Structures are given as structure tokens and as C-alpha cells.
Amino acid sequence: MAPISINYDSLNLITLAPMAVTLVGALFILIIDLLKSNLDKTLYVALTMLTLFISVGVTLSIQVNTNGFFDTVLVDGISILGQLIILIGSMIFIPLALTKKRFHEYSYPEYFALFLFMVMGFQFMISSTSLILIFIGLETASLALYPLIAMHNTRPSHEAAIKYFTMGAMAAGFFAMGMAIMYGVTGSLDLVEIQKILSGRMNEAGILVPVIGGAILMLVAIGFKVSLIPFHMWTPDAYEGAAAPMAGYMSIIPKIAMMVVAIRVLNIYMDLNVVGVKEMIIILAVVTTTLANMMALVQKDVKRMLAYSSISHAGFIMVAIAMHSTKGYASIFLYYALFLFTNLGAFAMLWISRHKTARFHSRYHHPYEKFAGMIKYQPVAAVIMAIFMLSLAGVPPFSLFWGKLYVLSAIVDAKYYTVAIIMALNSAIAVYYYLKLIVYMFLKDQTKVDGSTIYSNRALSLEIVIGVAAFITLTSIFYIDGLLEYITQLVKLSGF
């Protein structure tokens, strides 16, 4: 056999730079711990933040639509948008480790190393057109996330990690089977090549059966990862068992990574007008949004309510993919950019009120009764939490209103008027369970405990994160046009 010669200049390794920075940061943390153990966790928080900050800078420095690493890595507009949301969301999450109470998982350097390995996996997922590399990124991120949940070291957290692992394994299996079918039909695992080959074979007799089969398997895998009903079974228990910041993180970052994969994969089928794929996406999205809202209405715990809320939001966003338009795809990134601050802020509010034992309920750490009368004891906290709830409900002028409005606008532009009405009605239903918490905070009397103990887990770092999240939630009206213009430009540059 002739020797293989690789021209390293043609590999364009700059496309791997954002992931390489994250990897080096994770390894550096582990090496420091080997050299000197028992260092203060503040150092690990600072190193993680620095790593993420450098990765943001490197991501922004790469020219759009740059291929590299044997053309398996593609840094296009949606890759840059996805990485920015992931990295900024991670930078908001990490300071939440600096709590007043010592929750032990944040004392381990392995926690921060695993966290960066997870981020690297998400970066690979959204920066590749190769199904193999997407799958490797998916499993890297997932296998790091499972122990991060379990390290909270409570019985519910162990249960949450096991359930998430089980459902994650099923998702990986469906994804792998979908890959196998796509490879069997086209002989390629590159999404660009797959689309080219399929476009030339769609008139062949019998070709629709494997093509639709592959689409269904991929859609099931995506459904598991973004918590679409009926693939959502793990989500409420996993969120309940995980630490509140991790639950908030899980509700956003893994989902935006999988949404980018969904855009790349499902766009192929919709470009080729494969029968029924668009309808399947719409049905899953509508069912998810509606049933999740119904389930959220009857929850007794605020954290579980927010878990079902995040399922509902995932369905709301998923319908934008089916619109198959630049506006639809841009609305996904706009929505998650705004949802990032609002939802992480809401979960951070739960985190600063976290006790190591359930003081207000035999099972739940955050029952509605815990927040009763908060306006009397913690008026600033009550107002901030109300802002987050109103934003999640889509009440103007708070940030998520603009995200929901743009998604509905994309649906109307695609002439899916019935879907738009259903989604609008679902937003109205959701107002009820968000207002329920506001009613408890402002109109109910606190009888079980005095207000001084409610936020005993507070710390300056948490207050800063919550303050930033609240500020962006309140002031989004002033920069929404510029943000939308930037997002739309990058989506167009990606060819969507």
C-alpha cells in the first residue's frame, strides 16, 4: 500500500481551536490537582471561567464557513451561534458553585474538568457535518454529564443520573441506527454528501422506505435529548434530583446543542420534501407543548414545574424547525439566547434557597408553600423571581416575549395558522402556573418559617449572576433588533 501523506495546512486545525482550548483547560485543572491537592474551589471556578472566556474569543475569531479536519468540522454561522450560547451559558453557570453552604461536589476539581469535557462534547456536536463526529461529541458530553448529576450525592441525584443514563443510552441507540440506515442508503456519513446522493436517488422505487425510517429514528433520538413527549419520561425526575443550577443548565445547553444537530439532519429531509417528516415534527411539537403545560399545572414543587415548563419550551422551539425557513431557524437561536438568562436565573433563585434537608415538605425542596409571603421577608428576591416568571410566561416587555413573538411570526409566515393559534393558546395556558408562584409570593402568608432562613445559601457570586440575568430579562427590548439582525445574518451565511 502506498503511504498516506497528510498536508497539515489543509487540515485547517484552527477549526478545532475552540474545542482544543476547552480540552486543555480541563486537563490543566486535573494536572494542577495532581501537583497540589486540596486547593480552594475558587481557583477551579476562575480557571474554568478563563477557559470558557478564551474559547469564546477563539470562536469569534474564526472565519465563517471554514472547513477543517478532513472536512468533518464546519465552523458556519449556526455553529458559531450555538457555541456562543453554550459557552456564555456555561460562564453563567460556573459561578453558582461559589455558594455560602458547602455542597461538596463543587469542591472536587474533577467536577470542573468533567464540566469542560462536557462543553467540549457539545462544541463538537454543533461544529460538524459528520455523523460519526456528532455521535462522538454527543456521547462525550453525555458521559460527562451523568456523573456531574450524581455528584450532588443524594438519593434523588443518584436516581436522576441513572434515569438520564438509561434514556441517554436509548437515544444513542436510536441515533446509531438512524446513522446506519443513512449510510446504507447513501454510502456516506457526511451530511452534505448524504443530501447530494439522496437528491439524485429520490425517484428510485422503494427508496422512501429506508429514508423515512432513518428520519423517524433520528427524530426519536432528538426527541429523547430535547425532551419531546413521549420521550420526556426522564426529565422531571432528573431535574428534581439534580442540583438546581445543573437542572437549569440541563434545560438549556444540551438542548441547544441537539437543536443544532436537528437543524442539520432534519433540514436534509425537508429540502428533499420527504413525505411526512415536516408533519411528524409539527405533531411532536404541538403534543409536547400542550401536554407539558397540562402537567405543569398540577405540580406541587416549583422545580418540577420548571422541568415541565422546559419541556413545553422545547416543543415550542421544535415547531420552528418544521417551518424550514431562515426566519424559523433564526428564531430558535433568538429564543434560546433569551431563554438562557431567564431560565438559569429562575433556577439560580431556587439554588440560593436550597437547604441540605427538605424543611417545607416531606419530599420536595422547593414546594410552593416555601415561597409564601416572600414579598414581606425578601421583597427584592420576590420581585426578581416574579420578573423571571413573567418572562417565561411571555408577558411583554420581558425578554422571552420577543422570542415567542418571533417564533409565532415564523409560523404565520409559513402559513401554518392553526399551529400558530395552538401555540399562542399554549402560551396563555402557561401563564397560569407561572402566576401561581407569584400569587404565593405576593398574596399568601408565610407560616412555617421566618424569612431570614429562606435564602441562607446566598453568596455574592450568585447575586451577581441573578442580577445580570434579571437585568438582561428586563432590558432586552433595547437590543433585541441588533441581536436578531446578527443571528439572522449568521443563519443566512450557513445557507439555511
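Author: Let us begin with a residue of helix α11, which spans residues 244–250: Met246 is found there, and in this predicted model Met246 has a relative accessibility of 1%.

Reader: What makes Met246 count as buried?

Author: The term buried applies under 20% relative accessible area, and because Met246 stands at 1%, it counts as buried. Leaving aside residues up to four places away in sequence, Met246 touches Phe93, Tyr111, Leu145, Leu148 and Ile149. Of these, Leu145 is 101 residues away from Met246 along the chain, while the C-alpha atoms of the two are separated by 9.4 Å.

Reader: Why are helices α5 and α6 called roughly antiparallel?

Author: Helix α5 comprises residues 109–126 and helix α6 residues 131–150, and the two pack at an angle of about 155° with their axes 7 Å apart. Angles over 145 degrees count as roughly antiparallel, and therefore α5 is roughly antiparallel to α6. The crossing of these two helices is left-handed. Among the residues that make the contact are Tyr111, Leu114 and Phe115 of α5, together with Leu145, Pro147 and Leu148 of α6.

Reader: What makes Ser128 a buried residue?

Author: Ser128 is found in the loop between α5 and α6, and its relative accessibility is 0%, so with the limit for buried set at under 20%, Ser128 counts as buried. A polar atom of the Ser128 side chain lies 2.6 Å from the backbone oxygen of Thr72, and the side chain also reaches the backbone nitrogen of Ser130 at 3.0 Å. Beyond residues up to four places away in sequence, Ser128 touches Thr72, Val73, Leu74, Leu133, Ile134 and Arg264.

Reader: Why is Asp76 called buried?

Author: Asp76 lies in the loop between β2 (73–75) and α4 (77–93), and because its relative accessibility is 2%, where buried means under 20%, Asp76 counts as buried. A polar atom of its side chain lies 3.1 Å from the backbone nitrogen of Ser79. Not counting residues up to four places away in sequence, Asp76 touches Val64, Asn65, Arg264, Ser494 and Phe496. Arg264 is also one of the residues touched by Ser128.

Reader: What makes α12 roughly antiparallel to α15?

Author: The axes of α12 (residues 253–271) and α15 (residues 326–351) come within 11 Å and cross at roughly 175°. Since roughly antiparallel is the term for angles over 145 degrees, α12 is therefore roughly antiparallel to α15. The contact includes Ile256, Met259 and Ile263 of α12, and Ile332, Phe333 and Tyr336 of α15. Its residues divide into 11 nonpolar, one polar and one charged.

Reader: How do you know whether Ile332 is buried or exposed?

Author: Ile332, which is found in helix α15, has a relative accessible area of 0%, and as buried means under 20%, Ile332 is buried. Apart from residues up to four places away in sequence, Ile332 touches Ile256, Met259, Ile263, Ile317, Ala320 and Ile321. Ile332 and Gly403 are 71 residues apart in sequence, and their C-alpha atoms are 8.2 Å apart in space.

Key: Residues are numbered from 1 along each chain as its sequence is written. This is a predicted model: local features need pLDDT of at least 70, side-chain atom pairs count only at pLDDT 80 or more; totals for chains, interfaces and linings use all residues. Side-chain values use heavy atoms; hydrogens and water are left out. Axes are lines fitted to C-alpha atoms, for helices over the stretch in contact, and angles run from 0 to 180 degrees between N-to-C directions. Helices (H or I, at least four residues) and strands (E, at least two) are DSSP runs, numbered from the N terminus. Angles under 35 degrees count as roughly parallel, over 145 as roughly antiparallel, 65 to 115 as roughly perpendicular and the rest as oblique. A crossing is left-handed if the near helix is turned anticlockwise from the far one by less than a right angle, and right-handed if clockwise. Contact means heavy atoms within 4.5 Å. Buried means under 20% relative accessible area, exposed over 50%, partly exposed in between (1.4 Å probe, protein chains only). A polar contact is a pair of N or O atoms within 3.5 Å; within protein, one must be able to donate a hydrogen and the other to accept it, and residues adjacent in sequence count only if both atoms are side-chain atoms. Ala, Val, Leu, Ile, Met, Phe, Trp, Tyr, Cys and Pro count as nonpolar, Asp, Glu, Lys and Arg as charged, and the others, Gly among them, as polar.
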